[in-house]
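Take a walk through this model with the coordinates open beside you.

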Amino acid sequence: MQTADVAIVGAGPAGLTAALYLARYHRRVVVLHDGTSRALRGPMAHNVPGFPDGISGRALVNLMQRQATEVGAEIIEARIDDIARRPDGFILNAAQDSWTARAVIVATGVDMNEVDLPAEVHQRAIADGVLRYCPICDGYEGTDRVMGVIGCDSNGAAEALFLRQFTSNVTLMPLNWSELTADETAQLKAAGVRVLQGALDRLEPHSDRMVVHLEGGQVVTVDTLYPALGLRPRSELAVRLGAPQGQGDCLAPESPFGAGVEGLWAAGDVVEGLDQITVAMGHGAIAATKAHNWLREQEGHTLRT
């Protein structure tokens, strides 16, 4: 059984920032991850400060891993199935291995609800920019272009209205059926968002456009399609330990400052808030520093008040 001062679950921008900070605090830190960080699938991002030419999610993660390991962080691919509290800290269990740690940072992120496309086709569409999942990240790149949103509910309506700030050509389409209220429909019409009826039949990605086929034979061609189908926070491990939740199964927004269980913190998209790389990095820095200072208190390396 391997031991660490702090175990971090998740190797996206939040977990890797936490690892960098903790290693620079001379803590024994291990990052345990299952290789499915959402950042790894991210196309070229242009809203990450310091990268004016843009950077892909995978390139960013690779740089962050190198930076953390160069100062002593250990990164291991292992899917953590369970975390349990012990008198001296925590035990983290994977299929074949276990780790003990005095403190834990959960940075497990979220899973996206995706449209139905074969995996390779789906990833190619993302790489080509005809399929996107984060209008905050890359709405700017769609300025004055033809945009579509899949998901006729309040989430889809909100996303369509958000995109309306970038272009006057936005079409909202249902996945199965419309769940819009009369008031939401009126607001969309007033903003100039076109709302269509008819369930999604299939998507036809091309290198420069997305063709959307709706039931009844209606065909819509857009430059970029945004599915507004929601996210599934990977909060189960922390909740099992007793961490409080916020909205939508995310962990409570104060979790980077303390996740409601002694020795436990959380960071990144699993925490309620704005799902952005920069926010995740900030969460990671906060959680790492809080964990380090908490350990210092246990070691008698802080002033008593």
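The text below covers a helix, the cysteines and a pocket. The model is predicted.

Start at helix 3, which spans residues 119-128. Which of its residues are buried? They are His-122, Ala-125 and Ile-126. Look down the helix axis. The buried residues fall within an arc of 100°, so they line one face of helix 3. That buried set packs against two strands: strand 13 (200-205) and strand 14 (210-214). Now turn to the face directed away from the buried side. Here sit the exposed residues Glu-120, Arg-124 and Ala-127. After helix 3 comes Gly-129. The phi of Gly-129 is positive, near 85°.

Next, the cysteines. How many disulfides does the model hold? The count is one. The bond links Cys-134 and Cys-137, with an S to S distance of 2.3 Å. The cut-off for calling a disulfide is 2.5 Å between the sulfur atoms, and this pair lies at 2.3 Å. The angle about the S-S bond is 75°, and the link between Cys-134 and Cys-137 is right-handed.

Are the two partners buried or exposed? Buried means under 20% relative accessible area. Cys-134 has 17% relative accessibility, so Cys-134 counts as buried. Cys-137 has 25% and therefore counts as partly exposed.

Two further cysteines deserve a look. Cys-152 is buried, with a relative accessible area of 3%. Cys-250 is buried too, with a relative accessible area of 13%.

The last stop is the second largest pocket. About 820 Å³ of space lies inside this pocket. Its lining is made of 27 residues. Those closest to the centre are Asn-155, Glu-159, Gly-230, Leu-231 and Asp-275.

Which elements each supply at least two residues of the lining? They are strand 9 (110-112), helix 4 (135-138), helix 5 (154-163) and strand 17 (231-233). Helix 5 gives the largest share, with four residues. By residue type, the lining of the second largest pocket divides into 15 nonpolar, seven polar and five charged residues.

Continue to the disulfide of Cys-134 and Cys-137. Finish at the second largest pocket, where helix 5 supplies four lining residues.

Conventions
Residues are numbered from 1 along each chain as its sequence is written. This is a predicted model: local features need pLDDT of at least 70, side-chain atom pairs count only at pLDDT 80 or more; totals for chains, interfaces and linings use all residues. Side-chain values use heavy atoms; hydrogens and water are left out. Buried means under 20% relative accessible area, exposed over 50%, partly exposed in between (1.4 Å probe, protein chains only). The arc is that of the directions from the helix axis to the C-beta atoms. Contact means heavy atoms within 4.5 Å. On a 1 Å grid over the protein atoms alone, a cavity is a set of points where a 1.4 Å probe fits but cannot get out, and a pocket is an open set with protein on both sides within 12 Å along at least five of seven lines; lining residues have an atom within 4 Å of a point. Grid points are joined across faces, edges and corners, and a volume is the space filled by probe spheres set on the points. Ala, Val, Leu, Ile, Met, Phe, Trp, Tyr, Cys and Pro count as nonpolar, Asp, Glu, Lys and Arg as charged, and the others, Gly among them, as polar.
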